[in-house]
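Subject: Structure for your review

Dear colleague,

Please find below the structure that I am handing over to you.

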Amino acid sequence: MPQTMALIGGTGRLGPGLALRLSRGGLPVIIGSRDLQHALDAAERVTALGGVTRIRGATNADAAASADLAILTVPYEAQTGLLPDLAGPLAGKVVVSTTVPVRFDPALGPVAVKVAEGSAAEQVAALLPTSRIVGGFHTVSSVHLSRLDRDLDEDVLLCGDDDGAKADVRRIAGVIPGLRVVDAGRLGNAHHLEQLTVLLLSINRLSHRSVGVRLTGL
């Protein structure tokens with residue numbers, strides 16, 4: 001470190017908050033988007049919120065090629081169309097899947113979507129076969145990340161089959177004060193992390209709050 005972070009699809013809910021906190025932690029950040037202007041605008045907004053290191057916007061392809069580590073913050077339904085074209089620039093790199101397969105039912109609220117590969121993270125591993133995939137940041141509140149007046153007190157649950165990749169992500173998450181990293185085991189456990197996030201979204205809907213996760217007894 002410092003390593004350059006790419007937020008692929010970083011103009012949505014989670015990307016700007018992560019970009020802000022990683023920048024405050026001293027890491028250069030690239031916000032990627034299909035639309036370059038959207039990425040440039042997002043980078044400008046995050047910088048104005050209090051970013052410290054350089055935050056720049058780029059296309060997803062340019063962000064993937066320029067980064068040392070990439071965090072996917074794209075909707076689940078966009079993965080199969082987006083990721084095959086990024087397999088080359090992301091080859092050999094650590095890629096963090098934050099995606100939650102979820103749909104919003106007007107009556108039921110958040111509902112988990114079944115994934116043939118088992119989880120969104122495992123689908124990422126299939127689409128990016130030469131990248132080092134880690135699942136994580138699913139349960140960290142995007143609202144909390146984006147508010148610098150909010151002290152974080154949440155756990156980041158990581159799962160993956162590459163211990164070195166998980167160690168890299170642990171170091172990256174460690175630059176954000178208030179986040180504790182917990183190893184949640186193999187990549188196959190991403191299914192449980194993603195479904196836990198659906199549960200948290202349901203709690204948010206009922207309580208009109210934005211909640212995270214903190215494990216006790218560790």
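Strand β2 (residues 29-33) is largely enclosed by the rest of the structure, because 5 of its 5 residues are buried. Here, buried means under 20% relative accessible area, exposed over 50%, and partly exposed in between, with a 1.4 Å probe and protein chains only. Helices (H or I, at least four residues) and strands (E, at least two) are DSSP runs, numbered from the N terminus. The cover extends to both faces of β2: Val29, Ile31 and Ser33 are buried on one side, and Ile30 and Gly32 on the other.

Please note that this is a predicted model, in which local features need pLDDT of at least 70 and side-chain atom pairs count only at pLDDT 80 or more, while totals for chains, interfaces and linings use all residues. Residues are numbered from 1 along each chain as its sequence is written, and side-chain values use heavy atoms, with hydrogens and water left out.

As to its neighbours, β2 runs parallel to strand β1 (residues 5-8), and 3 bridges join the two; two strands pair if DSSP finds at least two bridges between them. Ala6 has Ile30 as its bridge partner in β2. With strand β3 (residues 55-59), β2 pairs in the parallel sense over 5 bridges, and Ile30 stands opposite Arg56 in β3. From β2 the chain crosses through helix α2 (residues 36-49) to β3, in a β-α-β crossover that is right-handed. That term applies if, with the strands pointing away from the viewer, the path from the first strand over the helix to the second runs clockwise. A right-handed β-α-β unit is also made by β1, helix α1 (residues 14-24) and β2.

The open sheet consists of 6 strands in the order β3-β2-β1-β4-β5-β8, with parallel pairing. Its edge strands, β3 and β8 (132-135), each pair on one side only. From one strand to the next, the twist averages 25 degrees; axes are lines fitted to C-alpha atoms, for helices over the stretch in contact, and angles run from 0 to 180 degrees between N-to-C directions.

Helix α2 lies across β2 and β3 and runs at about 170 degrees to β3. Helix α5 (residues 120-127) packs on the sheet and touches β4 (69-72), β5 (94-97) and β8, its direction making about 150 degrees with that of β5. Contact means heavy atoms within 4.5 Å.

Finally, Ser119 lies in the loop between β7 (109-112) and α5. Ser119 is buried, with a relative accessible area of 0%.

Yours sincerely
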